[in-house]
Amino acid sequence: MKDIIKKALESSLSYNEYRTLLDNLFELGKTTGLNHSEAYLHYAELNIQRMNKWDKYFKIKEEQAAEIARITENQTWLVISEGWCGDAAHALPVMNALATINSHINFRVVLRDENTALIDLYLTNGGRSIPKLIILDQDLNDVATWGPRPEEATKMFTAAKQAGTSKEELNKDLQLWYARNRGVDIANELIETALQTA
């Protein structure tokens, strides 16, 4: 397991490198992964816009900053993502904002489809759901995980799916939930998860 994590870290990107990669690929009519269909390019474009918005407008609350400051030992936040993933577009800017205010957190991003051995260690209900955050201690032991979405959003998504809601409507409702929540649940859950290990 640790060898797989080490290998993934070797090919990992900073948040800014990840954002630049998404922009550059989109200019070439591509996104990350193997699927460059019109639908996936549409998702990629939406997600770039969403991340631009969150990077600009997401603000960490004072009490959240105080909590994240309680982490005093080095951690690596290794998140598995892809540019076409809607949940990742909301979560990664929040992760980056939290990591930026604590020098003990090293935030790194890897692509799921280039790291199948890694994602297969962290399946969600048997699936390769992303984003998936793996929190590593300074010896690269995985001490906690989070993802692919906040608990409340997961409940809403699951209930809607069981009710037979169409995929299009389900995605619309999920995006509306993220917009209304403004990253609060993501930040709170990430802080709680990270502090379990501190």
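Modeller: A pocket is an open set of points on a 1 Å grid over the protein atoms alone, with protein on both sides within 12 Å along at least five of seven lines, and lining residues have an atom within 4 Å of a point. This is a predicted model, in which local features need pLDDT of at least 70 and side-chain atom pairs 80 or more, while totals for chains, interfaces and linings use all residues. Residues are numbered from 1 along each chain, and side-chain values use heavy atoms, without hydrogens or water.

Colleague: How much space lies in the second largest pocket?

Modeller: About 200 Å³, a volume being the space filled by probe spheres set on the points, which are joined across faces, edges and corners. The largest pocket has about 940 Å³. Asp 87, Arg 149, Phe 157, Lys 167 and Asn 171 are the closest to its centre among 28 lining residues.

Colleague: Which element gives the most to the lining of the largest pocket?

Modeller: Helices are DSSP runs of H or I, at least four residues, numbered from the N terminus. α3 gives the most, six residues. α3 (38-57), α5 (86-100), α7 (151-162) and α8 (167-181) each give two or more. α3 also has the largest share in the second largest pocket, with three residues.

Colleague: Which residues line the second largest pocket?

Modeller: Among them are Lys 53, Trp 54, Tyr 57, Lys 61, Ala 179 and Arg 182. Lys 61 is in the loop between α3 and α4 (62-68).

Colleague: Is Lys 61 buried, partly exposed or exposed?

Modeller: Buried is under 20% relative accessible area, exposed over 50%, partly exposed in between, with a 1.4 Å probe and protein chains only. Lys 61 is partly exposed because its relative accessibility is 39%.

Conventions. 1 Å grid on protein atoms, 1.4 Å probe; cavity = no way out; pocket = protein on both sides within 12 Å on 5 of 7 lines; lining within 4 Å.
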